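Hello,

Here is the structure for you to look through. My notes follow below it.

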Amino acid sequence: MASLNVGNLGEYLRDQRRNAQLSLRQLAEAAGVSNPYLSQIERGLRKPSAEVLQQVAKALRISAETLYVRAGILDAERDRDEVETRAVILADPTLTERQKQVLLQIYESFRKENEFEIKTVEDALDGVDDADGRDADAAKNDPLHPQDPQNPHDQQSSAS
């Protein structure tokens, strides 16, 4: 597991708490942790557990994953864009909770769809050995992509 970067986490938590216009005491109560403990986390003196971070994230209405990344529990490179996008959606005060959940579901479905398409394209490209992106053997017999006599590459593949 990565080492915890609690200083960065503490500053981030303090900023999020202030943006939410909550006192330290209010956040501690909402998260179900003690006021002194939360203060120590904000000052970088304590390493909170994932469970505590989840409670604090819920109280702040931000993504727990964002806090996990800040704390070094999740690898910062792992889907950073996804984590940040989710955090922005969850932190938007103009959206209802239902709207946030619907947006996240749509976002996730698009990511899965695109991941499938990328994998399909990569699988298809595994057999490609032609410079124009077509499998040389398949290109000879492909009625949708007839060989171009002006293309020297097509002339080479028909000569072989």
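**Salt bridges and the rest**

Arg14 counts as partly exposed, at 21% relative accessibility. This is a predicted model, so please read every value here as computed from it. Arg17 is buried, with a relative accessible area of 10%. Glu42 counts as buried too, at 5% relative accessibility.

These residues belong together. Arg14, Arg17 and Glu42 are linked in a network of salt bridges. The side chains of Arg14 and Glu42 meet at 3.6 Å, N to O. Arg14 lies in helix H1 and Glu42 in helix H3 (residues 35-42), so this pair ties together parts that are 28 residues apart in sequence. The side chains of Arg17 and Glu42 meet at 2.6 Å, N to O. Arg17 also lies in helix H1, so its pair with Glu42 ties together parts that are 25 residues apart in sequence. As background, side chains of opposite charge can pair when their charged atoms come close.

How many salt bridges does the structure hold? It holds five. One of them joins Glu97 and Lys100, with the closest N and O atoms 3.6 Å apart. Both residues lie in helix H7, three residues apart, about one turn of the helix. Glu97 is partly exposed, with a relative accessible area of 37%. Lys100 is buried, with a relative accessible area of 3%.

**Also in H7**

Arg111 lies in helix H7, which covers residues 97-125. Arg111 is partly exposed, with a relative accessible area of 30%. The C-alpha atoms of Arg111 and Glu82 are separated by 9.0 Å. Along the chain, Arg111 and Glu82 are 29 residues apart.

**Helix H5**

Is helix H5 (residues 64-71) largely enclosed or largely open? Six of its eight residues are buried, so H5 is largely enclosed by the rest of the structure. The buried residues are Ala64, Thr66, Leu67, Tyr68, Val69 and Ala71. The cut-off for buried is under 20% relative accessible area.

Both ends of H5 have a local feature to check. At the start, a side-chain oxygen of Ser63 reaches to within 3.1 Å of the backbone nitrogen of Glu65. Just after H5, Gly72 takes a positive phi of about 85°.

**Positive phi outside glycine**

Arg61 has a positive phi of about 60°, although it is not a glycine. Arg61 sits in the loop between helix H4 (50-60) and H5. Arg61 is exposed, with a relative accessible area of 51%.

Gln21 is another non-glycine residue with a positive phi, near 55°. Its place is in the loop between helix H1 (6-19) and helix H2 (24-31). Gln21 is exposed, with a relative accessible area of 68%.

**The whole chain**

Which elements make up the protein chain? There are nine helices and zero strands. From the N terminus on, the elements run α-α-α-α-α-α-α-α-α.

Of the 160 residues in the protein chain, 28% count as buried. The accessible surface comes to about 10,700 Å². Carbon and sulfur atoms hold 51% of that surface. Among contacts in the protein chain with a separation of 6 or more, 43% are between residues 24 or more positions apart.

Best wishes

Key:
Residues are numbered from 1 along each chain as its sequence is written. This is a predicted model: local features need pLDDT of at least 70, side-chain atom pairs count only at pLDDT 80 or more; totals for chains, interfaces and linings use all residues. Side-chain values use heavy atoms; hydrogens and water are left out. Helices (H or I, at least four residues) and strands (E, at least two) are DSSP runs, numbered from the N terminus. Buried means under 20% relative accessible area, exposed over 50%, partly exposed in between (1.4 Å probe, protein chains only). A polar contact is a pair of N or O atoms within 3.5 Å; within protein, one must be able to donate a hydrogen and the other to accept it, and residues adjacent in sequence count only if both atoms are side-chain atoms. Contact means heavy atoms within 4.5 Å. Accessible areas come from the Shrake-Rupley method with a 1.4 Å probe; for residues, only the protein chains shown count as cover. A salt bridge is a side-chain nitrogen of Lys or Arg within 4 Å of a carboxyl oxygen of Asp or Glu.
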